[in-house]
Amino acid sequence: MNESFAVRAVKYLAGAVAVLFGTVTLFAGGRALAGIDPGYQVFVPLLVYNTVMGFSYVAVGFVIWRSPRLGRVGAHTIFMLNVVVLIMIVLVYSTGGAIAVDSLQAMSFRTAVWMALFLATAWMVRPHAGD
């Protein structure tokens, strides 16, 4: 495939963001699972979800580098899963559940990052991307 410079640049940047974001997510989740206090109330199901997703983030980052079309599917899947989880924790929070505002902000940020990665991969694979 003859990729333009712009497509190659976005591909490597998007993949790097996904891998770095996944690595940071795994590090933070691993610390909290090991009992290190993150400084706010931890909702364990969300912690487990985010930590497991850290592996997916890294994997999809590598997929983006190898195959932007498959990377688009992975980024879309992660984005949609994060939307569902964000909606769920907003509902738990709004009914007085044990969700910290920090968790809502972090999940909102994760969702926004994966929306941006999905949009970037969708741009890469559109016909004549970067022409």
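User: What does contact mean here, and which residues is Thr 111 in contact with, leaving aside neighbours within four places in sequence?

Analyst: Contact means heavy atoms within 4.5 Å. Leaving aside neighbours within four places in sequence, Thr 111 is in contact with Phe 79, Asn 82, Val 83 and Leu 86. Note that this is a predicted model: local features need pLDDT of at least 70, side-chain atom pairs count only at pLDDT 80 or more, and totals for chains, interfaces and linings use all residues. Residues are numbered from 1 along each chain as its sequence is written, and side-chain values use heavy atoms, with hydrogens and water left out.

User: Where is Thr 111 placed, and is Thr 111 buried or exposed?

Analyst: Helices are DSSP runs (H or I, at least four residues), numbered from the N terminus. Thr 111 has its place in helix α4. Buried means under 20% relative accessible area, exposed over 50%, partly exposed in between (1.4 Å probe, protein chains only). Thr 111 has 7% relative accessibility, so Thr 111 counts as buried. The Thr 111 side chain reaches the backbone oxygen of Met 107 at 2.8 Å.

User: How many residues does the largest nonpolar core have?

Analyst: A nonpolar core is a set of buried Ala, Val, Leu, Ile, Met, Phe, Trp, Tyr and Cys residues joined through side-chain atoms within 4.5 Å. The largest one has 25 residues, and Ile 89, Met 107 and Trp 114 have the most contacts inside it. Helices α1 (5-33), α2 (44-66), α3 (68-94) and α4 (101-125) each supply at least two residues of this core. Helix α4 gives the most, with eight residues. Not counting residues up to four places away in sequence, Ile 89 touches Leu 46, Ile 99, Ser 103, Leu 104 and Met 107.

User: Why does Val 58 count as buried?

Analyst: Val 58 counts as buried because its relative accessibility is 18%. Val 58 lies in helix α2. Beyond four places in sequence, Val 58 touches Ala 18, Val 19, Gly 22, Thr 23 and Leu 26. Val 58 and Thr 23 are 35 residues apart in sequence, yet 6.7 Å apart in space, C-alpha to C-alpha.

User: What covers the buried residues of α1?

Analyst: The cover includes α2, α3 and α4. Among the buried residues of α1 are Val 7, Lys 11 and Phe 21.

User: Which side chains meet in a salt bridge?

Analyst: A salt bridge is a side-chain nitrogen of Lys or Arg within 4 Å of a carboxyl oxygen of Asp or Glu. A search of the whole structure finds one. The side chains of Glu 3 and Lys 11 meet at 3.1 Å, N to O. Both Glu 3 and Lys 11 are buried.

Technical notes: Polar contact = N/O pair within 3.5 Å; in protein donor to acceptor, adjacent residues only side chain to side chain.
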